[in-house]
Amino acid sequence: MRIRAQVAMVMNLDKCIGCHTCSVTCKQTWTNREGTEYVWFNNVETKPGIGYPKHYEDQDRWKGGWKLDTKGRLVLRGGGRAKRLSRIFANPDLPAIDDYYEPATFDKDILVNAPAGLKDTPVKQPYSKLTGEPMSIEWGANWEDSLGGDSGKDDPNFRNMVEKVTFEFEKTFMFHLPRICEHCLNPACVSACPSGAMYKREEDGIVLVDQDRCRGWRMCVSACPYKKVYVNHATGKAEKCTLCFPRIEAGQPTICSETCVGRLRYLGILWYDEEAVLAAASVPEEELLDAQRAVFLDPFDPDVQRAAREAGHPEEWIEAAKASPVWKLISEYRIALPLHPEYRTLPMVWYVPPLSPVLDAAGAAGRDDTNADDIFHTIDDLRIPVAYLASLFTAGDTAAAGGVLMKLAAMRAYMRARTLDGTVAQELLDGIGMTGAQVEAMYRLLAIAKYDERYVIPAAHRGQAAALEELGGCSLDGEGGPGMGGGGRVPVTIASRRNP
Ligand code: SF4
Ligand code: SF4
């Protein structure tokens, strides 16, 4: 066993209101500068929808992530090194700017300086941030917000359901899906990079780009199935979500978590066995979810704690892993699921799927959305929302997706009975195989957890902190703003501070 620590995130989708505060604060922090106008390290998509960039989930089109070859070996979907290098100057699997959107700005002076008494109200003309020419805005990172567009029917997750549904389904449910880089355990972006510029930090698993090594080949953009590496068109180099490593090193949550209006993000440590990653990524599709869960090591297991100590992890990290809300949601309560486990990158941002589509569907079917039996039957009957969620989170396993929804529905009904009637609904607990104490702890974590319960992040190792001090200055300083500094590859923590 080779034990490693990973800083991981869980998002509770039922609580996302699609306000985009996370996107805006992330942009202000990291990509508010020339060359990254179209870049959203954090974006929030409306589902059903085709996302940002368009159709990024369609790996037949973009060839991102991993697949098993005919001999059952794990290979990059985009092909081996020779094939990738043969396409280095003409890569057909790269999204173009129209797949993201053409960034625009507005001529605000016309509003400020328009003479009084005009017959028509002056309007702001948008201008392209790329060409400076006047343009009309026809697409954006969040164009489908609140079903504002009609592209939901083109969502790749409907691929196997088109015969079963008309798009009346759109009227039945929608939800928001916030996305950042997954900081994968088996990152396709790192494997595809010909320059060795993409790397995964040993101490906390954050995936970063060494700006000095990046040669702008863009293989990482094609290889990432989540399309969470971007090219800075001013520098020609790759950039991506840094999981706000300067904040993580100080024991603080990422800026998207800190500012999340819905308080739906959780951050914590997971222990995993690095030697088990390849095997977990190589199992048949129907085993992927269980295999990916099994990579995580129990932080309460004395053998795991001993292995962590022997590997040099400090006590603070061992204690933090025991208090990790991410461990609880993924492995103890088993209600958090990975986004598209079939991409085989082993993503490290997991999601508690939304129960609200089922509740909406229960209401639409004339059932009582406060009654556990009705909700259970709705989950059983309404295969389309469950199949859709399964396409997103369980590689199509509807039983696994439905099982999580049952737990969430049972928790609501149990807490309702407990709070309003003072009764213990034992049959609900029996139905989901959990104890009353577990359900109440799960409810507390999902509904009313305090800041310190949602974010359990140990600060960087003391020795590393000393090295960081020696570096001097602010890690975000540097030519051109955040992430634009550089100066040679140096030990990981220092390199990452200088070259996000
Ligand atoms: S989600 Fe992040 S770590 Fe995973 S492949 Fe994409 S860029 Fe790499
Ligand atoms: S800030 Fe929170 S609630 Fe608002 S869109 Fe982002 S994840 Fe959702």
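## A first question

Does Glu274 count as buried, partly exposed or exposed, and at what relative accessibility? At 27% relative accessibility, Glu274 counts as partly exposed, because that value falls between the 20% limit for buried and the 50% limit for exposed. Please keep in mind as you look around that this is a predicted model.

## Salt bridges

Let's stay with Glu274 for a moment. Its side chain meets that of Arg4 in a salt bridge, at 3.2 Å from N to O. The two partners come from distant parts of the chain, 270 residues apart: Arg4 belongs to strand E1 (residues 3-12), while Glu274 sits in the loop between strand E12 (265-273) and helix H10 (277-281).

The structure holds 19 salt bridges. Another one joins Glu315 and Arg309, with 2.5 Å between N and O. Both ends count as partly exposed: Glu315 has 40% relative accessibility, and Arg309 has a relative accessible area of 41%. Returning to Arg4 and Glu274, these two are joined with Arg2 and Glu275 into one network through salt bridges that share partners.

A local example is found in helix H12 (residues 302-310), where Arg306 and Asp303 lie 3 residues apart, about one turn of the helix. Residues three or four places apart in an α-helix point the same way, because the helix has 3.6 residues a turn. Arg306 and Asp303 form a salt bridge, their closest N and O atoms being 2.9 Å apart. Arg306 is partly exposed at 43%, and Asp303 is partly exposed too, at 46% relative accessibility.

E14 is antiparallel to strand E15 (residues 349-352), with 2 bridges between them. Across this pairing, Leu337 stands opposite Tyr351 in E15.

Elsewhere, strand E2 (residues 43-47) runs antiparallel to E7, and 5 bridges join the two. One facing pair here is Lys47 and Phe175, the latter in E7. How many residues of strand E7 (residues 175-179) are buried? The count is 5 of 5, and the strand is mostly covered. In a regular strand, side chains alternate between the two faces of the sheet. In E7, Phe175, Leu177 and Arg179 point one way, His176 and Pro178 point the other way, and all are buried.

## Aromatic rings

There are 14 aromatic pairs in the structure. In one of them, Phe41 and Tyr230 are tilted, with 6.1 Å from centre to centre and 40° between the planes. Phe41 lies in the loop between helix H1 (21-30) and E2, and Tyr230 in strand E10 (residues 229-232), so this pair ties together parts that are 189 residues apart in sequence. Both Phe41 and Tyr230 are buried.

A second pair, Tyr52 and Tyr100, is edge-to-face, because the planes stand at 75° and the ring centres are 5.7 Å apart. Here the parts tied together are 48 residues apart in sequence, because Tyr52 lies in the loop between E2 and helix H2 (59-62) and Tyr100 lies in helix H4 (residues 97-100). Tyr52 and Tyr100 are buried as well. These residues all meet in one aromatic cluster, formed by Tyr38, Phe41, Tyr52, Tyr100, Tyr101 and Tyr230.

## At the surface

Which residues form a nonpolar patch on the surface? They are Phe106, Ile137 and Trp143, with about 250 Å² of accessible area together. Phe106 is part of strand E5 (residues 104-106), and it counts as partly exposed because its relative accessibility is 35%.

Val112, in helix H5 (residues 109-113), is exposed, with a relative accessible area of 66%. From Val112 to Pro122 there are 10 residues in sequence and 9.6 Å in space, C-alpha to C-alpha.

## A helix to finish

Helix H20 (residues 436-448) has 13 residues, so at 1.5 Å a residue it should span 18 Å. The C-alpha atoms at its ends are 17 Å apart, which agrees. The buried residues in H20 include Gly436, Val439, Met442, Leu445 and Leu446.

Terms used
Residues numbered from 1 in each chain as written. Chains lettered and ligands numbered in written order. Predicted model: local features only at pLDDT ≥ 70, side-chain atom pairs only at ≥ 80, totals over all residues. Heavy atoms only, no water. Helix = DSSP H or I, 4+ residues; strand = E, 2+ residues; numbered from the N terminus. Expected span 1.5 Å × (residues − 1). Buried < 20%, exposed > 50% of the residue type's maximum accessible area, 1.4 Å probe, protein only. Patch = residues over 30% accessible without salt bridge, like charges linked within 9 Å, V, L, I, M, F, W, Y side chains within 5 Å. Areas by Shrake-Rupley, 256 points an atom, 1.4 Å probe, with all protein chains shown as cover. Salt bridge = Lys/Arg side-chain N within 4 Å of Asp/Glu carboxyl O. Pairing = 2+ DSSP bridges. Phe/Tyr/Trp six-rings, centres within 6.5 Å; stacked < 30°, edge-to-face > 60°.
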